[in-house]
Amino acid sequence: MSLTSVTAIDDLVREVQSCHPEADEALLRRAYAFSAKAHEGQTRRSGEPYLQHPLAVAGILTFLKLDVTAIVAGLLHDTLEDTVATQEELQTHFGHEVAHLVEGVTKIGQIPFRTYEEKQAENFRKMLLSMADDIRVVFIKLADRLHNMRTLGHLPEDKQKQIAQETLEIYSPLANRLGMSWLKQELEDLCFQYLKTEAYSLLKLRVAQRDEERQVSVQSIIQETVDALAAAELSGHVVGRPKHLYSIHQKMESQGITFEEVHDLVAIRIITGTKSNCYTILGLVHSLWPPVPGRFKDYIATPRTNLYQSLHTTVLGPQGDHVEFQIRTEEMHRLAEYGVAAHWRYKEQVNVDERDEKVFSWLRQFVEWHQDLSDNRQFMDSVKLDLFHLDVFHDVVFAFTPKGEVKELPLDATPVDFAYAIHTQVGDRCVGAKVNGKIVPLRQVLASGDTVEILTSPTQVPKKEWLKFVRTSRAKAKIKHFLKGEEQKQGLELGRRLLERECRRRHLPSTQWLQTDRLSEVASERGYESIDEITRMVGYGRLSAVRLVNWLVSPDAETVKDNDHGVSEATAAQSPLQSVKVMGGRDVLMPLSKCCAPVPGDPILGYMTRGRGLTIHAKGCPKLETMDYEKDRLVEVEWDPTIEEKHSVKVCVLTIDRPGVLANVSSAISASKANISQAEISTGEDQKAILDFRIEIPHTRDLERALEAIVRVDGVISAKRVRGWEKA
């Protein structure tokens, strides 16, 4: 069967029965009649009856040789979304399995969304979960998208670009991950046509012109290959396959080359009988034309995650052009063309063999990786990145566990990426790694063939700095998810402290106001999902405690017009603030400002930074004094005496330039129980020396003790602490 558009039920029945002679014709015709009645009176933008769309989708599914249940679901796939038909009706007429598939494909358009991005995220999230339950859901969805892309020209230009962009970012790479190369390529070329119309038209014309010129050369190479196979008594079917337009465009863009510099517009495919023949033919091709170094890939020995297998090699042709050869068996070719659709057993899913299990292991992992991302933007970014990273053949490395299990990772992946590819807990608890038996840094770049052993600790947690070097979306998503959870915990705690402080200031019992239904009502009235969310907004500095308490006490109270920062200056000016305890370097939401580097014992003041909580400055810090801030963002804070941490302080010592003075000053600092982390010395022509130290102390009293010890050293003229804004 060729991939042609089915326009009548008789055509569909004939095509289905050519693949499935035992197919229930009555069921197909009943589904067609149900769909026709449900969509009666509906037309597409082209003016044709809407029924032509589900009929075309069913035809594409038939081309994929899917089972009759999936084809029936294709005929009915829009009935729940676009008609008055119900899930119960589908189940009554066609059974639970068909109804379940249609429900899985159906968009969730009935739910109101604030933005298109939110709707897109929820729609795709639902599809992911559905296809993990039954892979046929995504086949129907891809067939639906393909026909919509083929008829996209009838929509307004802005809608064309929106749908084409979504298809290019999600559905095309998803088709590739499912091994359906022809579908990926057609979707990409259609997207290219609508997203970059002029570039598409020009490239299409130039490829056609150049194809005429190269046809003789390509046919010559094909014939020479056929003759060589016959002489070697090797069976093989040889065909030339033109590269699709979008792949040529991508190559020109990524490599910064002109069309004239693209040498491999045609790939030659050799399909043979056995795996051993593939390697024999590879040697034969290399004996005819010299291979291009670095352009050989063995996907037979190391299949891709979607079980794609083939030998890829590029040779220097007789005209000096690069010619790509793909060598595979008939079974490999079938899987490459139809992908997972050629491999799944629908009737007895309880008896899935080992090979089928491998095909779908990545799909279950893919769903598991993304299911706990609640933020829609983060979810979509993660999905797109994960699909995109493994979308290009040469951008992958294959690393092995100590037991020999292979993990496919993007180029420049690290042991942390590898750890998360094994399991979330392995990634979260990763403290080190051995690559080929040797301890390596976690930022070490892995190479194909590496054997990686992950070292873990039950006390380890994900680190923010890992985000600087991890490459997989899985690792990034899991690290960000953990960090966001920690930030939310601290934001919630800080918000509660600020609200309790404001209640105390107003002599209001915090328990009465902060732990009753009233706070829940205010959160709902102001557009927040929960008490925790509105409290976190206070902790993040996006909502002031003064304003929230105003809302609690007097629902109609509004001072002046809201701004991005919280309450008005008039309200805030009446608020004598009480202190919030600062833990120091361990407090993520109350970081110590680097401009003044306060130390316990220094008078401090908090500034509520939008989105980052409190930033702690030393009182008198010039940056704080000159900052164009709103007064309601200032918060009185104090050090938490129960926390003892060491802080880095710069000390400048002026001495007479003579031998031994540096050693004596260093000894004095150590004797005062301060730790030296850095020391520098410079001398001048006036026989004086300047000693700059970085010392670590827990409190200003320890600094004073160290300075007193330093000035007692013979030869020391002066010793002082140097702030970030001061000159030594």
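At 74% relative accessibility, E233 counts as exposed (over 50% relative accessible area; buried is under 20%, partly exposed in between, with a 1.4 Å probe and protein chains only). The model is predicted: local features need pLDDT of at least 70, side-chain atom pairs count only at pLDDT 80 or more, and totals for chains, interfaces and linings use all residues. Residues are numbered from 1 along each chain as its sequence is written, and side-chain values use heavy atoms, leaving out hydrogens and water.

**Positive phi**
- E233 has a phi near 55°, positive in a non-glycine residue.
- E233 sits in the loop between α12 (197–231) and β1 (237–242); helices (H or I, at least four residues) and strands (E, at least two) are DSSP runs, numbered from the N terminus.
- A597 also has a positive phi, near 45°.
- A597 lies in the loop between β11 (580–582) and β12 (604–609) and is partly exposed at 32%.
- Most residues other than glycine have a negative phi.

**R723**
- R723 follows β18 (716–722) and is buried at 18%.
- R723 touches C596, D602 and A618, not counting residues up to four places away in sequence (contact: heavy atoms within 4.5 Å).

**Aromatic rings**
- There are six aromatic pairs (Phe, Tyr or Trp six-membered ring centres within 6.5 Å; planes under 30 degrees apart are stacked, over 60 edge-to-face, the rest tilted).
- F34 and F94 pair edge-to-face, at 5.5 Å and 90°.
- F34 is in α2 (residues 25–38) and F94 in α6 (residues 87–94), so the pair ties together parts 60 residues apart in sequence.
- Both F34 and F94 are buried.
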